[in-house]
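This report goes through a model of two protein chains.

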Amino acid sequence: MAESAPKPKPPSELFGPDPLADLPTGDYRRSRVRRRRTTGTARISLNLTAMIDVVFLLLIYFMAGTSFKLGEEIYRMDLPERGPSNAQRDPFELDDEPLRIRIASVGQRGRSYRIRVEGPYQQPDTFEELLTFLRERQIGPFTTRGLFEADHPIIIEPTRTARWEHAMGAFNAAARARYTNITFARPGG
Amino acid sequence: MSAVFKRGSARIQANLTPMIDVTFLLIVFFVLVSQIVEVENVKLQLPAPEDPATELPDDEQRVVINVVPAQPATTGRAIEYRVGSRRFAAGEEGVDALADHVMRLYSGNPTLRINLRADRDTQYEWIEPVLRAISIAAARTGESGITARVNLVVVKED
């Protein structure tokens, strides 16, 4: 005859004494159990105050430390070589006579400028006219009546007292006309 | 007694989530647009030619020479040339020292480009010595492949 299955132990033996056993039975006991169920798990919340403090400090730091500046850009210019490198040039090579553009700052505090292109040309008065002058005289794919190749040397000759802004204005006119061999000379009178 | 009085006074709480979102966005914005102040750049009123045919500087190796104007800048004079934290007086001795310094830089890196920054009011007689010093420095290195490459820095105004 088969042995009968072992009788299960009562909960009091398995889990210890009932914690509610000493409480009075009835409505009070039921209401306490119900409240525990309805309350659910405890709410876990982060204290964000410290983080917000740090975040605001960072914000103030970056706002105070940021300066919005206009974009700086560059013109590329290769200065003429000096010294021994000139001795290696082909002695039979003909030099292109550079086009010299003189620029002077005139007027009160040098706010105005005067342009002088060396040669028998009608003189430009403004940088825009200088741009037109240079464009019209460049040999290009659409103009065969020009005088200068795009790599023809152009030398900007500011006077000693010429403001850098005006020197760069003349340089810019030549660069806008797509000349590629532009440089500055020693200051003239 | 009503339920309101049973629970006590109501706690008033602000919802901080949108504020933190916006604050973080602002921080990200300022981090992205702010540039660490470059010691090598002196505050100058750079020339601003009309419709400039310029280009943006790329990531090539370069050193910046600043022509520092006397104050007020409208006098057109320069007081010194500054390369990083090194200063050279505006004058023949300073220009010679500048040429030596640039020559040492060239010997370390023959393909170096030099950014020239000068105030728009500075007169050319104070800027030409810098160009001359750069040219002399390139010649003094004795290497035939070195060309004095200069970037003339301007500001692009819309």
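## Strands of chain B

In chain B, β2(B) pairs with strand β3 (residues 86-89) in the antiparallel sense over 4 bridges. The model is predicted: local features need pLDDT of at least 70, side-chain atom pairs count only at pLDDT 80 or more, and totals for chains, interfaces and linings use all residues. Residues are numbered from 1 along each chain as its sequence is written, while chains are lettered from A and ligands numbered from 1 in the order in which they are written. Strands (E, at least two residues) and helices (H or I, at least four) are DSSP runs, numbered from the N terminus. Two strands pair if DSSP finds at least two bridges between them.

The strands β2(B) and β3(B) form a hairpin with 2 residues between them. B:G84, in the turn, has a positive phi of about 65 degrees. β1(B) is joined to β2(B) by 5 bridges, and these two strands run antiparallel. B:Y81 of β2(B) stands opposite B:V67, and B:Y81 also stands opposite B:F88 in β3(B).

## Chain A

Chain A has 5 helices and 5 strands, and along the sequence they follow the pattern α-α-α-β-β-β-α-β-α-β. Of its 189 residues, 21% count as buried. A residue is buried if 20 or more other C-beta atoms lie within 10 Å of its own, exposed if 12 or fewer, and partly exposed in between, with C-beta atoms placed from the backbone. Among contacts in chain A between residues at least 6 apart in sequence, 63% join residues at least 24 apart. Two residues are in contact if their C-beta atoms, placed from the backbone, lie within 7 Å.

An open sheet of 4 strands in chain A has the order β3-β2-β4-β5, with mixed pairing. β3 (112-117) and β5 of chain A stand at the edges with a single partner strand each, so one side of each is left without a neighbour in the sheet. From one strand to the next the twist averages 25 degrees; angles run from 0 to 180 degrees between N-to-C directions, and axes are lines fitted to C-alpha atoms, for helices over the stretch in contact. Strand β4 (residues 154-158) of chain A pairs with β5(A) in the parallel sense over 3 bridges. In β5(A), A:F184 stands opposite A:I156.

## Between the chains

Across the interface, 43 residues of chain A are in contact with 50 residues of chain B. On the chain A side, the elements that give two or more residues are α3, β1 (72-78) and α5. The largest share, 9 residues, comes from α5(A). By class, this side has 22 nonpolar, 9 polar and 12 charged residues. Ala, Val, Leu, Ile, Met, Phe, Trp, Tyr, Cys and Pro count as nonpolar, Asp, Glu, Lys and Arg as charged, and the others, Gly among them, as polar.

Helix α3 (residues 49-65) of chain A packs against helix α2 (residues 17-33) of chain B at an angle of about 35 degrees, with the axes 9 Å apart. Residues that make this contact include A:F56, A:L59 and A:F62 of α3(A) and B:F24, B:I27 and B:F30 of α2(B). The contact has 13 nonpolar, 1 polar and no charged residues.

## Core

The largest nonpolar core has 63 residues. Such a core is a set of buried Ala, Val, Leu, Ile, Met, Phe, Trp, Tyr and Cys residues joined through C-beta atoms within 7 Å. Those with the most contacts inside the core are A:A170, A:F171, A:A174, B:I134 and B:L152. Neighbours within four places in sequence aside, A:F171 is in contact with A:Y75, A:I156, A:I182 and B:L152.

## Backbone details

| Residue | Phi | Loop | C-beta atoms within 10 Å |
|---|---|---|---|
| A:R178 | about 70 degrees | α5 (164-176) to β5 (182-184), chain A | 12, exposed |

The peptide bond from B:Q71 to B:P72 is cis, with omega near -5 degrees. B:P72 lies in the loop between β1 (62-69) and β2 (78-83) of chain B.
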